[in-house]
Amino acid sequence: MLESAPLLERHIEEKTLPGVTSFEVIATTHLDAAYSLARWLTRDSVLAEDVVQDAMVRALTYFAGFRGENPRAWLLQIVRNVALGKLGARVEPVSLDSPEASSGESLADTLTDGADGPDTTLEREQDHRQVNELLNRLPVELRECLVLREIEDCSYKEIARIIDAPIGTVMSRLWRARQMLGDLVDEQEKSA
Amino acid sequence: MSAELHCSQELLLQADFDGELDAAESASLQAHLQSCAICGPALLRLQRSRSLLARAPRFAAPARLRASVRELARSDPRSDIERVPRDHGFAARIRYLVGGAGFGALAASLLTFFLIGGPASYLAESVVDNHLRAMRSEAHLVDVASSEHHTVKPWFSGQIDFAPPVKDLEAFGYRLRGGRVDVVAGRDAAVLVYEAGAHKIDVSIQPRAAGSAPAELRGFNVRRFEDGEFTVWAVSDLNARELDAFVEHWRSTE
């Protein structure tokens, strides 16, 4: 199924911003997206602000070499790298071709934050905090794909650029992220 | 549940769900979906995850972060460079436009373009684009067609909020064809079209702004100069010497 990736790539064009774009315009236009991504990755509002600050300074350094294409993806890529650096996260490739790896592992093993028990009841009060908690239980490499796709509305190609991975990897991680999220919801419903 | 059942089409199913397939690929996936016992429930599951995420909180940057990023952008000299996204067909377009003028001219125009590379070249790009667009139309785009500058000048007053100089250069062999309003870098520009034999000269006029310009862009000669309170661009397929002469006549005529 992964051979479909090049096929997809043909059809996905990067968005290009027409006209002149100064750093200030790029930075302020995409600031909310930058902060949102930092927040989802770090799960911490203070740390997220630090990440965005540092990312903007780094972006200024890179700005001279920036060709002007898709400034949002360019900026989010920097934010993502700064965030993972601050988290000290190991960025390791996730197994793409062994479904057993995802379906076989216990969900408890994938919880990245033990402080949040799986006892929230989604049906009773599906508010922000609960969705937030569910999403935050996904490992960061799956969470980032899902957040970029569903919240930042990025295309596969943009996600691939931001996380510096092939489109096939993006597709596979998105799939796993969604399955895992579904499993988490199922588990909650069962225990409710 | 469905995590244990897999279909070879699942990532395509997801790609369709994410709007990443073209019409033909999507249609064949839909046909598959009709007959696959795994993909039907899998699609429901994708939809459930999406509606769940639609309720995820949206985080906006705090005001103080916004203020400090703006401050950073304004205070750092490195943010002064402005970018023009270059399309990938640029080199091909240059080659097409320059045509038989040869490699030297091509190299020169490339060099000019890359050396300038700032807001001024963006303005020049914009002016040349407008000139090109005008050349494509049979009558060389004019919104008001008149060789009488007393007709053309008042026409602009109903269109834009400044009064551009409209000059009668007939005595020097430049016949006024008319005028139009272009947009250059997001601002209105009054454009006068003059004829010099078979050649057209676009004179693009905006209220004065700082800047400089390449002398040639994509095979067209470009001149930028100040005239009173205005910044004037002259673009033409006239050769450099002839365009310089035109500019001289323009500047010496009231």
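Arg43(A) is partly exposed, with a relative accessible area of 32%; on this scale buried means under 20% relative accessible area, exposed over 50%, and partly exposed in between (1.4 Å probe, protein chains only). The model is predicted: local features need pLDDT of at least 70, side-chain atom pairs count only at pLDDT 80 or more, and totals for chains, interfaces and linings use all residues. Residues are numbered from 1 along each chain as its sequence is written, chains are lettered from A and ligands numbered from 1 in the order in which they are written, and side-chain values use heavy atoms, with hydrogens and water left out.

**Confidence in chain A**

- The mean pLDDT of chain A is 75, and 69% of its residues reach 70 or more; pLDDT is the predictor's confidence in each residue, from 0 to 100.
- Over residues 1-20 of chain A, pLDDT stays under 50.
- Where pLDDT is low, the predicted coordinates should not be read in detail.

**Loop residues with positive phi**

- Arg43(A) lies in the loop between helix 3 and helix 4 (45-63) of chain A, and its phi is near 60 degrees, a positive value in a residue other than glycine.
- Asp164(A) belongs to the loop between helix 10 (156-163) and helix 11 of chain A; its phi is near 55 degrees.
- Asp164(A) is exposed, with a relative accessible area of 65%.
- Helices (H or I, at least four residues) and strands (E, at least two) are DSSP runs, numbered from the N terminus.

**An enclosed helix**

- Helix 8 (residues 128-136) of chain A is largely enclosed by the rest of the structure, because 7 of its 9 residues are buried.
- Among the buried residues of this helix are Gln130(A), Leu134(A) and Leu135(A).
- The cover over these buried residues includes helix 3 (31-42), helix 9 (140-151) and helix 11 (167-191) of chain A, together with helix 3 (39-53) of chain B.

**Nonpolar cores**

- A nonpolar core is a set of buried Ala, Val, Leu, Ile, Met, Phe, Trp, Tyr and Cys residues joined through side-chain atoms within 4.5 Å.
- The largest core has 79 residues, of which Phe23(A), Met56(A), Trp74(A) and Leu135(A) touch the most other members.
- Helix 11 of chain A gives the largest share of this core, 10 residues.
- Leaving aside residues up to four places away in sequence, Met56(A) touches residues including Phe23(A), Leu75(A), Val69(B) and Leu72(B); contact means heavy atoms within 4.5 Å.
- Another core, of 25 residues, lies apart from the largest one and has Ile205(B) and Val247(B) among its members.

**The sheet of chain B**

- Chain B has an open sheet of 7 strands in the order 2-3-4-5-8-7-6, with antiparallel pairing; two strands pair if DSSP finds at least two bridges between them.
- Its edge strands, strand 2 (144-145) and strand 6 (216-217) of chain B, each pair on one side only.
- Strand 2 and strand 3 (residues 175-184) of chain B pair over 2 bridges, and Val144(B) has Gly179(B) in strand 3 as its bridge partner.
- Helix 8 (residues 149-157) of chain B packs on the sheet, touching strand 2, strand 3 and strand 4 (187-196) of chain B.

**Cysteines**

- Over all chains the count is 0 disulfides, a disulfide being a pair of cysteine sulfur atoms within 2.5 Å.
- Cys39(B) is in no disulfide, and the nearest cysteine sulfur, that of Cys7(B), is 3.7 Å away.
- Cys39(B) counts as buried at 1% relative accessibility, and Cys145(A) is buried at 0%.

Methods:
Axes fitted to C-alpha atoms, helices over the stretch in contact; angles between N-to-C directions.
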